[in-house]
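Dear colleague,

I am handing over the model we spoke about, and my notes on it follow below. Please read them with the coordinates open beside you.

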Amino acid sequence: MVSSESAEVDGSGHRIVCHLDRILEDRGMTLTHLSNLTGITMANLSILKNNRAKAIRFTTLTLICDALDCTPPELFGITPRR
């Protein structure tokens, strides 16, 4: 079992961070364009981009990675334990 002090960085219960904002900027792409390419709603992409997601489906992850030509390790990271 992981202690609560090491499991939470921002109160969300996990240490996973999404780098969608950085990848979009690197690709010169907007969230609107990504939404149009993937069919994922702007609201759901915004939740990911702002690190408020609690989970992601593999199908959603696949759509995003295909559209951005990236891999899950490029899209996500993990913050160090405290």
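L20 touches L31, L34, L45, L48, K49, I64, L68 and L75, leaving aside residues up to four places away in sequence, where a contact means heavy atoms within 4.5 Å. Before going further, please note that this is a predicted model, in which local features need pLDDT of at least 70 and side-chain atom pairs count only at pLDDT 80 or more, while totals for chains, interfaces and linings use all residues. Residues are numbered from 1 along each chain as its sequence is written, and side-chain values use heavy atoms, with hydrogens and water left out.

L20 is also among the residues that touch the most other members of the largest nonpolar core, which has 18 residues, the others being I64, L68 and L75. A nonpolar core is here a set of buried Ala, Val, Leu, Ile, Met, Phe, Trp, Tyr and Cys residues joined through side-chain atoms within 4.5 Å; buried means under 20% relative accessible area, exposed over 50%, and partly exposed in between, with a 1.4 Å probe and protein chains only. The elements that contribute two or more residues to this core are α2, α3, α4 and α5, and α5 gives the most, with four residues. As general background, nonpolar side chains in soluble globular proteins tend to be buried together.

**Overall layout and confidence**

The protein comprises six helices and two strands, in the order α-β-α-α-α-α-α-β from the N terminus on; helices (H or I, at least four residues) and strands (E, at least two) are DSSP runs, numbered from the N terminus. Of its 82 residues, 32% count as buried, and among contacts between residues at least 6 apart in sequence, 61% join residues at least 24 apart.

The average pLDDT, which is the predictor's confidence in each residue on a scale from 0 to 100, is 88, and 85% of the residues score at least 70. Over residues 1-9, however, the pLDDT is below 50, although this stretch has 13 contacts in the model beyond near neighbours in sequence. Where pLDDT is low, the predicted coordinates should not be read in detail.

In α5 (58-68), the buried residues are T60, L61, I64, C65 and L68. They lie on the same side of α5 because they cover an arc of only 130 degrees around the axis, the arc being that of the directions from the helix axis to the C-beta atoms. F58, T59 and D66 are exposed on the other side of α5. The buried residues of α5 pack against α2 (20-27), α3 (31-38), α4, α6 and β2 (76-78).

For α3, the buried residues are L31, L34, S35 and T38, and since their arc around the axis is only 100 degrees, they too are placed on the same side of their helix. They pack against α2, α4 and α5. After α3 comes G39, whose phi is positive, near 80 degrees.

How do α3 and α5 cross? Their axes come within 10 Å and cross at roughly 115 degrees, where axes are lines fitted to C-alpha atoms, for helices over the stretch in contact, and angles run from 0 to 180 degrees between N-to-C directions. The crossing is right-handed, a crossing being left-handed if the near helix is turned anticlockwise from the far one by less than a right angle, and right-handed if clockwise. L34, L37 and T38 of α3 make the contact with L63, I64, A67 and L68 of α5.

**Individual residues to look at**

M42 sits in helix α4 and is partly exposed, with a relative accessible area of 36%. Leaving aside residues up to four places away in sequence, M42 touches L31, T32 and S35; the C-alpha atoms of M42 and T32, which are ten residues apart along the chain, are separated by 6.7 Å.

Which residues other than glycine have a positive phi? N51 has a phi near 55 degrees, lies in the loop between α4 (42-49) and α5, and is partly exposed at a relative accessible area of 28%. D69 has a phi of about 50 degrees and is found in the loop between α5 and α6 (72-75), where D69 counts as exposed at 66% relative accessibility.

With best regards
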